[in-house]
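Visitor: Please show me how to read the features of a structure, taking one kind of feature at a time.

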Amino acid sequence: MALLDVKNLGKKFGGLKAISDLSFSVPENIIFSIIGPNGAGKTTLFNLLTNIYPPTSGSIFYNGREITRMPPYRIARLGISRTFQNLQVFLNMSAIENVMVGCHLRSKSGLMASAIRLPSVIREEKEVRRMAEKALEFCGLSEFSHKPAAGLPYGLLKKLEVARSLASKPRLLLMDEPAAGLNDTETTELCGLIRQIRDSGITVLLVEHNMSLVMEISDKVLVLNYGKLLAHGAPKDIQENPEVVAAYLGE
Amino acid sequence: MKRLSGFVLFALACIATPFIFPDNYYVTVVGLTIFVNIILAVSLNLLMGYAGQISLGHAAFFGLGAYSSAILTIKYGVNPWAAMAAGALFVLVLSYVLARPILRLKGHYLAMATLGLGIIVHIFFVQADQLTGGPDGISGLPTLSLFGVPIDSDMKWYWVLCSYMLLSVLFSLNIADSRAGRALSAIHGSDIAAETMGINTSKVKSHIFVFSALMASVAGSLFAHQQNFVSPESFSFFFSIELVTMVVLGGLGSTFGAVIGAFLLSILPEVLIVFEDFEVLIFGAILIVIMIFLPEGLFVALRNKATMLLSRRLGES
């Protein structure tokens with residue numbers, strides 16, 4: 001059974017069809033890339049999957065369960081996490097605190113318990129810190145853990161978002177243009193990181209413009225054009241698909 | 001216990017002050033106002049500084065606590081502590097019901113809604129004179145007793161309000177450094193990312209709204225007993241704005257920032273009295289200068305500067 005099943009998904013913004021009649025499914029434990037020209041609806045698709053806004057039509061199934069129009073925090077609870085194209089780092093916190101927020105779902109102390117700082121809170125706090133340190137280390141950010149996020153360069157903030165997502169122990173990770181704005185060395189590092197994430201048992205859904213990166217690491221590629229599915233298959237087939245070439249190069 | 005070293009120092013200072021300056025007007029009279037203001041500023045900071053949700057109506061909950069105590073004890077002869085609890089319960093229900101619809105709003109709209117709440121409650125205090133005594137207010141609250149000891153002197157009130165103030169500060173510090181506090185900061189930093197990390201943002205926001213309102217309500221009840229008198233003036237829109245100013249002046253999002261802000265804004269008018277007619281003018285000028293040169297707030301700016309100097313010194317050696 002596929003981990004993610006998208007059926008006849010559609011989203012209209014006024015008269016504009018950002019996504020129309022899109023169906024696909026993502027098997028577990030692969031790197032699944034979504035590519036397409038600018039404005040093809042890639043980020044919109046991510047926003048529909050995490051219900052940042054609801055779809056106009058169609059439905060989304062995750063692990064056999066319908067998640068269409070479920071509040072985003074409940075979708076996260078089921079094991080779907082994401083990073084953002086335009087960074088959504090908590091700039092008012094340090095790097096490790098950002099990642100500790102990622103551990104929200106793996107801890108449970110409430111407001112009152114925290115206010116009086118019950119022994120269970122102190123214990124959990126230690127545990128959360130340890131989990132966050134582990135996620136930072138995984139993403140190569142250990143040395144920055146106590147730096148304020150607002151002072152970190154762009155490339156590290158991108159990684160920080162990944163670390164934050166991983167800290168929630170997702171089963172499906174949505175990455176929105178993780179390589180945008182990174183230099184070649186950073187992109188190579190990212191390549192290794194995404195592979196490691198998949199190898200740790202997490203299914204990766206990747207939106208990316210960097211074609212060499214996509215073709216190198218993806219197990220499957222889906223091409224979107226004007227909100228419609230243009231092609232779908234292994235990286236090699238996509239590269240040779242005349243329709244895809246036409247969409248990218250303009251006939 | 002490095003985490004609470006600042007708190008311990010602060011608590012010791014508060015306890016030592018009346019022994020160092022016995023029978024001092026600024027300690028036993030102004031001090032009580034300062035404590036109440038600190039409690040209110042700290043509770044408002046939980047909502048505004050941590051969660052980033054502005055409230056221009058915080059005085060309303062303070063007032064509802066105060067009036068509940070005054071009305072229930074005087075008109076209905078209820079035990080003061082029971083009246084305080086009833087007031088808190090009423091504020092709990094009211095703030096819980098209001099939280100979701102109000103906190104769905106953002107930015108200016110949230111400011112307008114909370115402003116409206118503050119004004120409506122104030123109008124109620126003025127207009128419902130059968131119940132609230134109208135503009136004249138209500139006086140003659142019974143003396144509060146704690147474990148059989150009547151709290152009937154300024155010095156006893158100093159200890160009662162000091163204890164509650166320290167407790168509020170401690171709660172606030174504990175929350176800041178916890179899962180709940182991080183959820184609040186996350187909402188402040190990015191609503192969408194917080195939600196995507198599994199935080200039920202509307203629930204978290206309404207919980208802190210209620211918590212903050214409860215703290216203010218209990219402060220209001222104590223204030224009413226201490227003053228022995230309540231009138232609408234103490235709970236007006238201007239007082240809500242003053243509370244916001246305290247939080248911003250000291251430094252949004254910092255518990256001790258709220259403490260310093262409340263301290264300054266309470267003591268400045270007292271000190272500036274020597275300038276007579278120019279008092280308000282100088283008061284305003286000081287606020288403007290601080291906000292121009294230290295926009296992140298007095299306490300936060302000074303703390304950041306100190307840590308910077310310290311780390312540079314350590315780096316050199």
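**Reading the features in turn**

Guide: Phe61(B) has its place in helix α4 (residues 58-76) of chain B, where helices (H or I, at least four residues) and strands (E, at least two) are DSSP runs, numbered from the N terminus. This is a predicted model, in which local features need pLDDT of at least 70 and side-chain atom pairs count only at pLDDT 80 or more, while totals for chains, interfaces and linings use all residues. Residues are numbered from 1 along each chain as its sequence is written, chains are lettered from A and ligands numbered from 1 in the order in which they are written, and side-chain values use heavy atoms, with hydrogens and water left out.

Visitor: Is Phe61(B) buried or exposed?

Guide: Buried means under 20% relative accessible area, exposed over 50%, and partly exposed in between (1.4 Å probe, protein chains only). Phe61(B), at 2% relative accessibility, counts as buried. From C-alpha to C-alpha, Phe61(B) and Gly220(B) are 7.7 Å apart in space, although 159 residues apart in sequence.

Visitor: Which residues form a nonpolar patch on the surface?

Guide: Patches are made of residues with over 30% relative accessible area and no salt bridge, like charges being joined within 9 Å and nonpolar side chains (Val, Leu, Ile, Met, Phe, Trp, Tyr) within 5 Å. Accessible areas come from the Shrake-Rupley method with a 1.4 Å probe, and for residues only the protein chains shown count as cover. Here the patch is formed by Ile15(B), Phe19(B), Ile20(B), Phe21(B) and Trp159(B), which together have about 530 Å² of accessible area. Helix α1 (residues 5-20) of chain B gives the most to this patch, with 3 residues. Trp159(B), in helix α8 (residues 154-176) of chain B, is partly exposed, with a relative accessible area of 31%.

Visitor: What volume does the largest pocket have, and which residues are the closest to its centre?

Guide: Rolling a probe the size of a water molecule over the atoms shows where empty space is left. On a 1 Å grid over the protein atoms alone, a cavity is a set of points where a 1.4 Å probe fits but cannot get out, and a pocket is an open set with protein on both sides within 12 Å along at least five of seven lines; lining residues have an atom within 4 Å of a point. Grid points are joined across faces, edges and corners, and a volume is the space filled by probe spheres set on the points. The largest pocket has a volume of about 2,000 Å³. Of the 39 residues that line this pocket, Glu97(A), Gly253(B), Ser254(B), Arg303(B) and Asn304(B) are the closest to its centre. α15(B) gives the most to the lining of the largest pocket, with 5 residues. The classes in that lining are 14 nonpolar, 14 polar and 11 charged residues, where Ala, Val, Leu, Ile, Met, Phe, Trp, Tyr, Cys and Pro count as nonpolar, Asp, Glu, Lys and Arg as charged, and the others, Gly among them, as polar.

Visitor: How many cavities of 30 Å³ or more does the structure hold?

Guide: The structure holds 2 cavities of 30 Å³ or more. The largest cavity, with a volume of about 40 Å³, is lined by residues including Thr83(A), Phe84(A), Lys158(A) and Asp176(A), and helix α6 (residues 154-167) of chain A gives the most to its lining, with 3 residues. The second largest cavity has a volume of about 30 Å³, and the largest share of its lining, 4 residues, comes from α6(A). By class, the lining of the second largest cavity has 4 nonpolar, 1 polar and 2 charged residues.

Visitor: How many salt bridges does the structure hold over all chains?

Guide: Side chains of opposite charge can pair when their charged atoms come close. A salt bridge is a side-chain nitrogen of Lys or Arg within 4 Å of a carboxyl oxygen of Asp or Glu, and the structure holds 12 of them over all chains. Arg171(A) forms one with Glu28(A), the closest N and O atoms being 2.8 Å apart. Arg171(A) lies in the loop between α6 and β7 (172-176) of chain A and Glu28(A) in the loop between β2 (16-26) and β3 (31-35) of chain A, so the pair ties together parts that are 143 residues apart in sequence. Arg171(A) counts as partly exposed at 31% relative accessibility, as does Glu28(A) at 34%.
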